[in-house]
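Here are some notes for your first look at this structure. Please read them with the model open beside you.

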Amino acid sequence: MLTLFALALPLQLVAKEQFTIIIDPGHGGGDHGTPHRKCKQDEKTIALNVALKLGRLIERNYSDVTVVYTRKTDKYPSLPERTQIAKRNKGDLFISIHVNACPTSSVHGFETYIFGTEGSDSGKRRVEERLVEERENLDISGKRVNFDTDIDIETKILCQAQREKHNKQSLEIANAVHRNLIAGLKQTSYAKNVVSRGVKAKNLFVLCYSPMPAILVELGYMSNVAEERFINTDEAQSAFANALYQGFKEYKRKWDKRQLSNQDNSKPEQQPKEDVKPNNQDKQKPSSQPADNTPKQQATGNVVWKIQFLSTSKLLKEGSPEFKGLSPVSYYKDGDLYKYTYGSSPTSQGLNAELKKVEKLFPGAFPVKFDANGNRIKNQ
């Protein structure tokens with residue numbers, strides 16, 4: 001009966017206990033963003049209104065999702081502060097909300113961005129697209145944020161290591177959001193004027209250094225009289241929030257399925273007593289390179305705990321600078337990622353002293369559990 005009941009549970013109850021979304025209303029405080037022309041609301045106000053509506057929709061419908069805002073009021077967090085809020089809260093998704101502008105008043109439409117770098121300008125990528133990159137990388141004084149010095153080295157390494165995986169998932173949520181923006185806006189009074197400007201890659205600071213899948217949405221052009229008038233309405237802002245929410249729902253459904261798949265892959269298969277090793281031992285067992293010099297466990301139940309502190313898409317050698325002096329370390333393979341661990345104890349409590357040491361170097365470090373064959377035990 002227990003097994004049947006568990007199989008009947010909704011996806012969101014049997015996947016990861018909690019999903020965290022970081023909602024980032026652009027600008028704020030003394031940074032008005034795109035100023036209003038004919039209407040009353042500047043970009044900072046519109047972005048905040050949509051962000052709060054989106055957050056309420058998620059909180060109302062998902063008990064397993066934590067909503068974190070980079071701001072909930074008219075204040076200004078710097079671009080590095082926004083990425084640190086995302087990192088500190090261990091977000092699973094980052095959505096930044098903005099409104100656009102362009103010297104050419106005829107330009108209108110919405111667009112969705114993921115992180116990416118581009119070569120020289122060509123084709124239709126003209127003034128309006130360059131302006132997005134310039135404007136969204138400015139601090140409150142109007143100075144361009146420095147991609148090399150305005151971020152801590154730990155976040156830089158973490159983001160670089162995870163970029164390939166995160167960009168793939170960023171594109172997934174970007175496409176889902178964009179589809180729903182098209183569909184949702186087609187149901188409004190502005191339907192005849194709706195223009196999709198596509199999903200694009202751009203070198204934007206908050207997308208580059210938020211260590212999770214991340215998108216930035218430009219909801220329309222305040223420099224276009226008709227679009228500004230529409231964007232200022234509650235109808236538009238509710239439609240934007242609902243479209244973002246529908247895109248989030250699609251992404252969250254796929255995310256839950258991936259979590260369940262990862263759990264299934266990490267669980268050791270039940271083997272007959274005469275079998276010496278499970279077939280998947282080599283796949284999940286921490287390797288000797290980097291060397292793991294910690295003693296094998298002598299614990300009741302043959303369980304050992306270690307501290308996971310770093311994940312990368314490529315194999316790092318013992319003594320690599322990314323480990324910040326931690327040694328010896330071991331790793332295990334999880335999908336396409338190498339996940340690195342430090343220390344060893346038969347109980348999680350036995351790692352408390354070492355965990356404090358590791359957290360000073362890697363604030364996101366946490367204990368993980370392995371079985372006697374070196375297989376990671378997740379959520380058990």
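Which residue forms a salt bridge with Asp-152? The points below start there.

1. The partner is Lys-87, with the closest N and O atoms 3.6 Å apart. Keep in mind that this is a predicted model. Asp-152 sits in the loop between H5 and H6, while Lys-87 belongs to helix H4 (residues 79-88), so the pair ties together parts that are 65 residues apart in sequence.

2. A second pair to look at is Lys-200 with Glu-111. Their side chains meet in a salt bridge of 2.9 Å, N to O. Lys-200 lies in strand S5 (residues 196-202) and Glu-111 in strand S4 (residues 110-115), so this pair ties together parts that are 89 residues apart in sequence. Both residues are buried.

3. Glu-136 and Arg-135 also meet through their side chains in a salt bridge, at 3.6 Å from N to O. Glu-136 is buried, and so is Arg-135. Some bridges share partners: Lys-87, Asp-152, Glu-154 and Lys-324 are joined this way into one network. The whole structure holds 13 salt bridges.

4. Glu-136 has another partner. Its side chain makes a polar contact of 3.3 Å with the side chain of His-27. His-27 lies in the loop between strand S1 (19-25) and helix H3 (43-61). Because its relative accessible area is 6%, His-27 counts as buried. Beyond its sequence neighbours within four places, the contacts of His-27 include Arg-71, Tyr-76, Arg-82 and His-98.

5. Now turn to Asn-137. It is found in the loop between helix H5 (127-135) and helix H6 (153-185). Is Asn-137 buried or exposed? Its relative accessibility is 0%, so it counts as buried. Setting aside neighbours within four places in sequence, Asn-137 is in contact with residues that include Leu-79, Arg-144, Phe-147, Asn-203 and Phe-205.

6. The last stop is a set of strands. S7 (residues 304-312) and S10 (residues 366-370) run antiparallel and are joined by five bridges. Within this pairing, Val-304 stands opposite Phe-370 of S10. S10 also runs antiparallel to strand S11 (residues 376-377), with two bridges between them. There, Lys-369 has Ile-377 in S11 as its bridge partner.

7. Check the turn between S10 and S11 too. The hairpin has five residues between the strands, and Gly-374 takes a positive phi near 85°.

Definitions and conventions. Residues are numbered from 1 along each chain as its sequence is written. This is a predicted model: local features need pLDDT of at least 70, side-chain atom pairs count only at pLDDT 80 or more; totals for chains, interfaces and linings use all residues. Side-chain values use heavy atoms; hydrogens and water are left out. Helices (H or I, at least four residues) and strands (E, at least two) are DSSP runs, numbered from the N terminus. Buried means under 20% relative accessible area, exposed over 50%, partly exposed in between (1.4 Å probe, protein chains only). Contact means heavy atoms within 4.5 Å. Two strands pair if DSSP finds at least two bridges between them. A polar contact is a pair of N or O atoms within 3.5 Å; within protein, one must be able to donate a hydrogen and the other to accept it, and residues adjacent in sequence count only if both atoms are side-chain atoms. A salt bridge is a side-chain nitrogen of Lys or Arg within 4 Å of a carboxyl oxygen of Asp or Glu.
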